[in-house]
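Hi,

Here is the structure I said I'd pass on.

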Amino acid sequence: MAHAIPLLPAGQLQRLKEQGRQPLQFVLNGQPAQALQGDTVLTAVLTQSAQLRSHEFAHSPRAGFCMMGACQDCWVTLGGEQAGRKLRACSTLLQPGMQICTTAEAVAQATATQVQP
Ligand code: FES
């Protein structure tokens, strides 16, 4: 008898608790997205996506490693008014309207529109 393989939702992380927090809107790679107030950027992205980013050289999927700001595996790039600024997704709280770029295309677009000081 064949066993049914459960379908996995798109997100790497599944929210099991604290689902009653206030929703928080942000932009992920140019698309509107929703997380919950108090989420880190890493949590917000990984509840929507199977990976946080791609490795710069090997292009392998990355999802953070230490989750405490030490390994630097979770750098993402901001778009919008802070275009091109990089931050550690695991140790940064998501802010309303934050524009997060995790794909090479989104990062290239954000840095192309970066305002020079
Ligand atoms: S996951 Fe290690 S610094 Fe963010």
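A quick word on terms: helices (H or I, at least four residues) and strands (E, at least two) are DSSP runs, numbered from the N terminus. Residues are numbered from 1 along each chain as its sequence is written. Bear in mind that this is a predicted model, in which local features need pLDDT of at least 70 and side-chain atom pairs count only at pLDDT 80 or more, while totals for chains, interfaces and linings use all residues.

On to the overall layout. The protein has two helices and seven strands, and along the sequence they come in the pattern β-β-α-β-β-β-β-β-α. Of the 117 residues, 26% are buried (20 or more other C-beta atoms within 10 Å of the residue's own; exposed is 12 or fewer, partly exposed is in between, and C-beta atoms are placed from the backbone). Looking at contacts (C-beta atoms, placed from the backbone, within 7 Å) between residues at least 6 apart in sequence, 51% join residues at least 24 apart.

Now the sheet. Five strands make an open sheet in the order β2-β1-β7-β5-β6, with mixed pairing; two strands count as paired if DSSP finds at least two bridges between them. β2 (31-36) and β6 (86-88) are at the edges with a single partner strand each, so one side of each has no neighbour in the sheet. From one strand to the next, the twist averages 45° (axes are lines fitted to C-alpha atoms, for helices over the stretch in contact, and angles run from 0 to 180 degrees between N-to-C directions).

Going through the pairs: β1 (residues 23-28) runs antiparallel to β2, with six bridges joining them, and F26 sits opposite A33 in β2. β1 also runs parallel to β7, through two bridges, with L28 partnered by I100 in β7. On the β5 side, β5 (residues 75-78) and β7 (residues 99-101) are antiparallel over two bridges, and there L78 is opposite I100.

Where do the positive phi values of about 55° turn up? One is at N29, in the turn of the β1-β2 hairpin, which has two residues between its strands. N29 is partly exposed, with 19 other C-beta atoms within 10 Å. Another is at E18, with phi near 55°, in the segment before β1. E18 is exposed, with 10 other C-beta atoms within 10 Å. For context, most residues other than glycine have a negative phi.

Cheers

Terms used
Two residues are in contact if their C-beta atoms, placed from the backbone, lie within 7 Å.
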